[in-house]
Amino acid sequence: MISAAMRFDVPATSAHHVRQLVEATNTRAAVHGLTAYSLDVSAPFLADYEDPFDGRIIGKRHMVTVTVFGEIPRHSGWTVVARLDHDEEGETLLSLFPGLPEQLAAEVSGQRVIENFCHGCKVQRHRTATYLARHDSGEYRQLGTTCVEPYTGLPIKGLEALWRFGKLKDSDWEETGEGGIPADLRVPVAEVLRVTAAIVAQDGRYYSRAEEWKNTIPTADGVSAYFFDRKVSQEWRAAIDAEPDATATAAAVREWAVQGYGSPSDYHHKVGQLAKAETVAPRHLPTLVSAIAGWHRDQEKAAAERAAQNSQPQGTKGERLAVTATVTKGVPCGHDGTVRRAPRDQGGIPRRARRAPRPHHPDTHEEHPMPESTCVARPAAPSGEPSPQTCLQVARQAAILAVTAADDAMAAVCRSRSGTAADLEALMHAAHKEAVEAESCADRAEQYADDLAMPSSALLYCAREAVAHAVRAQSAAGAETTAADLRAELERALTAAEHAERESARRREEAQQEAEERAATGMDRENRDRAAINRYFAERHIAELGWTAGHVRVLAAAETGRLYWRGGRARQAARHGAWDGGRRVSRERTKALYAARFLLAVRQDDGTRILTPSPMGQAALELARLHPAGLHATDQAAYEARFAKIRRHYKRRDDQKAAARRLPPLDSSAQRLYQRPVTLAEQEALAERDAADRWADEGGHCPDVGTPRPAASTIKSTLESRSWAETGPAVQSTLW
């Protein structure tokens, strides 16, 4: 007996599927009296996962080793060891019996075979497959499908069932999730924290997802892009890997997170639970990445406590201390032309100017900052909204009130006793947070004021947000909410005249835009929308047809009404009715289009068939003209695309090839929803013709009665009743 064994690794999530396939195959083989195969699945283990695109090791995933083993069927010394698949091109593909030993496999591969020949019946004819049988004496015989069982005594149906084991090893067991990444992939915790520390070091701070309005990429998204985004440049990854202190910072963050495991804080406990493990799932990356923000907060709090313990009083009681400050830059603020200082950090760099590099894609353009300007001309604000100068002034006043409230809260903490210090400190932090947000809104409003591309509504939004943060800061500090009075300057009801003026301006703008679009496209709004929908259908469904430009030329010839079939050839007549001679048209493409019902044939008395496009063929022709990029360059490329679409591992090779040679039909939704757009010139011509027909039906010209002018409205029913040959192809401008 010859033993067969196959060993391969599959994801742990696919082990159950493999077990089901093996049981189904054994059940089918048992029906034909063959011995079942055994299955052995190892314990799950973590294995490195390499990105199939660039070979990077992204993370790890749980894998199992599957071993399928058993005895190769044998009867009277004969064993079927290989299968030979013969196609119409004369190629012969050798498929060894699954699990064949290496020495025997090498011996079988070196055997000389005869195409379409059977040693059992001694007949050479067209066959799709033959089998190679081996005797214990070393003799080989090539047998047809019907001769295998009489010659060797082995059931061919049972052998074909066992042959399915060979497809298990070569099957694609990947269960990809979003972005082509396996759903069960896990990333090492140490690597995640190292990359997080490097990104925070480059950016200068941690950015949460709640700060996306600051035109910054959240830190969690940057970490996810480092591991999973295939479009990120390698230079950015190299800069992250070259960060010197990232490893030490990551170790400190992990130690801080692990210490919080089991703490009363749910967040700290969750972070500690993730940090204790060796790997983390991608969906938990944002939570783990945020641990560095908590670690930084604890570090800053500890430093503040040490500074408070070592602080020394300056001056004496009642003495006024003065500090000399230098204004380094002035920025106009508000309508009164007052100048305020640009806030600077400890390094001397303006707070708004400090911006760290972010991950960029090679195929994107980097934004260039606008040059600083002291006076920017902005369009007038719409009626009912405050002016840009008012918005800037209100935002800055709200920021000042918020900062004042935060300072008062800090002064209250300094004067408090030890019993109330904890509560006052919490209020101080809340007021300080709102003050920072209010200042940020005011700074952002000034940036928007310098950008001509930003609408006036952006300044109004920043001003309202600044006032809201100022009100919350004063409430947290326990002060009077005077910032709420600033809202009255940002809100004003529209009068009846302003309402009418705004409505008139809106209608004039819509009319002007409609006139421009009609001049550019020659269509009204309804037909422009119809053209856009047709373009969408073309981009979605033309590639699925598997056509080339030659198929479009055949349908275009049939559209003229001069394509005919005679004597086994397709030709395009020089004129209608002369069904003899003319330009030759591809015979294979014409037959394929006719078989797929893109063409209709009308038989003449002399046996000639006039070919015209069917409704499905006409719709497919119009869509192909709208999206020529969906056509394949050669017939071979079109065939390979159709073959890849219908390819299934459980189908026979010949059946797949035959299906790929047939053209698929046009999607029923595209055929049903496609409507040819009508230009304004066509609408006017149809209206004139209908008016003339109506004038003739009513008796012609009557003296002393003026001829009615034809209406220029869209006549849909008359247009759709005309044939495709009368109207011709629609010309749709590429507005999208």
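Buried here means under 20% relative accessible area, with exposed over 50% and partly exposed in between, using a 1.4 Å probe and protein chains only.

**Figure 1. Overview of the predicted protein chain.** This is a predicted model in which local features need pLDDT of at least 70 and side-chain atom pairs count only at pLDDT 80 or more, whereas totals for chains, interfaces and linings use all residues. Residues are numbered from 1 along each chain as its sequence is written, and side-chain values use heavy atoms, with hydrogens and water left out. Of the 736 residues in the protein chain, 38% are buried. The chain has 27 helices and 19 strands, taken as DSSP runs (helices H or I, at least four residues; strands E, at least two) and numbered from the N terminus.

**Figure 2. Close-up of helices α13 and α14.** The axes of α13 (residues 388-415) and α14 (residues 421-449) come within 8 Å and cross at roughly 160°, the axes being lines fitted to C-alpha atoms over the stretch in contact, with angles from 0 to 180 degrees between N-to-C directions. The two helices are therefore roughly antiparallel to each other, a term for angles over 145 degrees. By class, their contact has 18 nonpolar, one polar and five charged residues, where Ala, Val, Leu, Ile, Met, Phe, Trp, Tyr, Cys and Pro count as nonpolar, Asp, Glu, Lys and Arg as charged, and the others, Gly among them, as polar.

**Figure 3. Close-up of helix α19.** Eight of the 11 residues in α19 (residues 549-559) are buried, leaving the helix mostly covered. Among the buried residues are His551, Val554, Leu555 and Glu559. Gly561, which follows α19, has a positive phi near 80°.

Terms used: Angles under 35 degrees count as roughly parallel, over 145 as roughly antiparallel, 65 to 115 as roughly perpendicular and the rest as oblique.
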